[in-house]
Amino acid sequence: MKTFILESSKYFMEEIDLEKDKEKILRAFGKRAQRCYGCFVAFHFKDMYLGEDASYYCEHCKTDDMFHFDDFVKFIDVSKLRESKGTHHLD
Ligand SMILES: [Zn+2]
């Protein structure tokens, strides 16, 4: 039982840390360069839109049914992003 509590509190702490760093991680993620699938010009993720085909489009090529970065980023599991591997160098 003691081990269980230790394990779960450790898990809880990691969750909290990730939550705290989430904004920082997402900001770093938003600075990644990505080519627009429509015009092939590179943009920052934070200025792009996600299409239904899982491709990213710039604001000139997007259509109304696409999600802006600020919207689709809410559904991203930040722990899966490479930016979450080390948050100390993210500023
Ligand atoms: Zn474009």
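Tyr-57 is buried, because 20 other C-beta atoms lie within 10 Å; a residue is buried at 20 or more such atoms within 10 Å of its own C-beta, exposed at 12 or fewer and partly exposed in between, with C-beta atoms placed from the backbone. The structure is a predicted model, in which local features need pLDDT of at least 70, side-chain atom pairs count only at pLDDT 80 or more, and totals for chains, interfaces and linings use all residues. Residues are numbered from 1 along each chain as its sequence is written.

**Surroundings of Tyr-57**
- Tyr-57 belongs to strand β4 (residues 56–57); strands (E, at least two residues) are DSSP runs, numbered from the N terminus.
- Beyond its neighbours within four places in sequence, Tyr-57 is in contact with several residues, including Cys-36, Tyr-49 and Met-66; contact requires C-beta atoms, placed from the backbone, within 7 Å.

**The sheet**
- An open sheet of three strands runs in the order β4-β3-β5, with antiparallel pairing; two strands pair if DSSP finds at least two bridges between them.
- Strands β4 and β5 (67–68) stand at the edges, each with a single partner strand, so one side of each has no neighbour in the sheet.
- Strand β3 (residues 49–50) pairs with β5 over two bridges, and Leu-50 has Phe-67 as its bridge partner in β5.

**Positive phi in loops**
- Most residues other than glycine have a negative phi.
- Phe-40, not a glycine, has a positive phi of about 65 degrees and lies in the loop between β1 (33–35) and β2 (42–44).
- Ala-54 has a positive phi near 65 degrees, lies in the loop between β3 and β4, and is exposed, with 7 C-beta neighbours inside 10 Å.

Notes
Helix = DSSP H or I, 4+ residues; strand = E, 2+ residues; numbered from the N terminus. Contact = placed C-beta atoms within 7 Å.
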